[in-house]
Amino acid sequence: MHRKTSNSVKFKKILIAPVLAIAALAGSTGAYANTNPADPSKVIRTAFEAADDGFDMVKTQNFYSGWVSEVIFETLLTYDYLARPAKLVPETAEAMPEISEDGKTYTFHIKKGIYFAPDPAFKGVRRELTAEDYIYTLKRVLDPKNRSPSANFLNGKIVGLDELAAQAQKTGHFDYQTPIAGLQAPDRYTLKVVLNAKDYNFLNVVAYSAFGAMAHEVVDAYGQQSAQHPVGTGPYMLEKYVPRSKIILVANPEYRGFTWDFKSSGDAIDKQIIKDMQGKRMPQVGRVEISIIEENQSRWLAFQGKQIDFDKMPELAALSVLDGDKLKPEYAEQGIQLQRIVDAGITYTVLNMKDPVIGGYTNDKIALRRAIAMVYNNKEEATLLRNGQAVKLESIIAPGVGGYDPKYRSSIDYNPALANKLLDHFGYKRGADGYRTMPDGKPLLLKYTSNQGGINTEISELWKRGLDLIGIRTQFVVSNFADNLKAATSCELMMWGAAWSADYPEAENFMQLLYGPNAGRGNHGCYQSPAFDALYVKAMSLPLGEERNKIYLEMNRQMEADTAWVLNTGRIRSWLVRPWVKGFKKHPILHSDWQYVDVEKH
């Protein structure tokens with residue numbers, strides 16, 4: 001629920017506070033280092049197709065929130081900009097961590113002289129990043145009051161952390177000052193993390209945006225409004241925020257900068273990127289203006305009018321823009337660059353296992369979900385709705401992610417005739433109006449929730465055509481992405497059209513979305529299968545590789561047996577980039593490109 005009255009008052013504070021912070025500190029000599037090489041006259045203008053949910057990544061898994069947060073907060077590790085497949089490299093750490101022989105203890109040495117962006121929360125004092133900031137940030141994820149959807153990344157992993165969280169659950173107070181054996185700072189710049197058991201994805205987890213360092217002074221100062229007052233050590237800081245409309249970032253004057261020096265991964269575009277960018281002090285871009293434009297047509301018109309510097313080509317434009325996998329002459333002649341990649345993500349439909357109509361694990365409920373899944377024509381979504389800019393999804397795991405098997409085929413396919421027989425067999429009878437009832441004679445009504453904008457209207461129509469074929473009446477509800485995500489996190493939506501992009505390049509990141517203990521924290525359908533959960537635990541105990549990947553295939557089959565999701569498509573992204581943007585290369589895991597590119601005068 002959003003109350004307009006109180007939000008309007010808070011909004012005025014949100015809008016002006018960061019601007020005042022910059023102005024106040026800019027007027028005092030030596031208040032900050034001003035080491036950021038960014039040029040204020042170089043501006044990137046871009047657009048998001050859905051709204052963010054604020055920028056406290058401990059409290060959200062919103063894709064667009066994460067996009068912005070990547071350049072405000074810094075993690076210990078990040079990914080090399082050009083390397084493919086994705087390769088971890090140090091960010092605030094001096095080097096990759098020292099790992100003990102048993103694989104349980106990680107020692108990070110943090111670079112000295114990294115400072116948080118200026119903010120009134122620091123009372124005019126420059127605030128250096130220390131190991132304690134990462135300890136604080138990691139603890140916040142398991143603080144019960146934060147209800148973090150990312151808690152599953154740390155649950156059961158760090159020695160003493162779960163016990164501290166359990167104590168907070170009992171007392172209602174998380175004691176951040178209580179030392180634990182699993183998180184130690186032997187000195188100001190050394191962080192030691194001790195795990196309960198070896199975790200083969202722990203370094204990937206460390207690079208996730210929810211673990212970008214936050215300062216306790218900022219959270220203390222802004223409290224529940226910390227999501228609207230993000231303060232980190234990254235290259236940019238928030239200047240203006242109009243929720244669900246506009247985000248403006250400016251260069252963080254305390255950011256130390258870096259020299260562009262990435263090596264080619266062998267991709268054809270790398271040679272030109274290196275020629276354009278090698279040796280430049282980064283970031284070059286001093287201002288990033290992000291508009292929230294949910295409608296594809298409006299966003300496409302903005303790109304055509306040169307109001308956006310780069311964007312994903314909407315599927316609706318494919319026939320007019322592309323000739324196969326190349327630009328048509330009228331677009332190539334404008335100097336527009338095209339980069340086509342298969343998204344390291346999936347689209348799917350969540351089926352709520354707690355819902356009284358479609359939830360449950362009895363044969364009749366599984367049959368109902370299976371019939372629903374069998375009338376969604378994901379091949380038609382890929383070829384017609386997305387104009388060939390997608391592929392039919394066969395498994396939970398996205399292409400390009402460790403554990404993905406291109407030969408795997410789902411056991412559930414489009415088959416309305418068989419779906420009708422299945423419903424007949426389990427007593428879902430048709431009434432005089434042609435629509436089915438529950439086996440006990442009560443009305444059968446589905447409620448499908450979709451997000452605003454994009455091709456969601458067309459997807460709802462595709463669902464309706466399929467469900468009409470088997471006589472199931474359906475109500476379609478449209479709401480914005482941020483609100484839907486909140487409701488789904490609490491398992492409140494019966495059916496929801498969702499998407500997931502890889503946080504790190506290994507299948508665990510997708511499988512955890514169906515792991516029972518993650519219900520209410522990313523497991524949006526509250527799927528709880530002892531068989532699936534046992535396979536998950538077994539997979540986590542195995543090193544990355546063939547044996548672990550075999551378990552992932554079994555987990556796919558178990559999900560299909562229970563029909564916890566309906567798999568939709570994997571999207572092909574065609575990024576269109578104006579000629580004045582130099583150095584752009586879309587990364588499979590990182591989303592923010594602004595700190596790696598340059599803008600020529602035009």
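**Setting up.** I am working with a predicted model, in which local features need pLDDT of at least 70 and side-chain atom pairs count only at pLDDT 80 or more, while totals for chains, interfaces and linings use all residues. Residues are numbered from 1 along each chain as its sequence is written, and side-chain values use heavy atoms, with hydrogens and water left out.

**Entry on the cores.** I looked up the nonpolar cores, meaning sets of buried Ala, Val, Leu, Ile, Met, Phe, Trp, Tyr and Cys residues joined through side-chain atoms within 4.5 Å. Buried is under 20% relative accessible area, exposed is over 50% and partly exposed is in between, with a 1.4 Å probe and protein chains only. The largest core holds 134 residues, and F108, I247, L249, W565 and W594 have the most contacts inside it. Helix α3 gives the most to this core, with 7 residues. Another core of 29 residues lies apart from it, with L351, V375, L385 and L446 among them.

Leaving out residues up to four places away in sequence, L249 touches V68, V71, I72, Y236, M237, L238, E239, G286, R287, V288, I290 and W594.

**Entry on α2.** Helices here are DSSP runs of H or I with at least four residues, strands are runs of E with at least two, and both are numbered from the N terminus. Helix α2 (residues 63-72) is mostly covered, as 9 of its 10 residues are buried. V68, V71 and I72, which L249 touches, are among the buried ones. The cover over the buried residues of α2 includes β1 (39-48), β8 (236-242), β9 (246-251), β12 (285-292), α15 (481-489) and β23 (569-577).

**Entry on two helix pairs.** For packing, I used axes fitted to C-alpha atoms, for helices over the stretch in contact, with angles from 0 to 180 degrees between N-to-C directions. Helix α3 (residues 131-142) packs on helix α4 (residues 161-171) at about 55°, with the axes 9 Å apart. That makes α3 oblique to α4; the other classes are roughly parallel under 35 degrees, roughly antiparallel over 145 and roughly perpendicular from 65 to 115. From α3, L138, K139 and L142 meet L161, D162, L164 and A165 of α4. By class this contact has 5 nonpolar, no polar and 2 charged residues, where Ala, Val, Leu, Ile, Met, Phe, Trp, Tyr, Cys and Pro count as nonpolar, Asp, Glu, Lys and Arg as charged, and the others, Gly among them, as polar.

Next I checked α12 (residues 378-385) with α14 (residues 456-469): the angle is about 140° and the axes are 11 Å apart. These two helices are therefore oblique to each other. E380, E381 and L385 of α12 make the contact with E458, I459, L462 and R465 of α14. The classes here are 3 nonpolar, no polar and 4 charged residues.

Is Y536 buried or exposed? Y536 is buried, with a relative accessible area of 8%, and lies in helix α17 (residues 530-540). Beyond its neighbours within four places in sequence, Y536 contacts E508, M511, Q512, Y515 and M555. Y536 and Q512 are 24 residues apart along the chain, with their C-alpha atoms separated by 8.0 Å.

D503 sits in the loop between β21 (495-501) and α16 (508-511), and is buried at a relative accessible area of 14%. Residues up to four places away aside, D503 touches Y79, F153, Y208, N509 and I589.

Key
Contact means heavy atoms within 4.5 Å.
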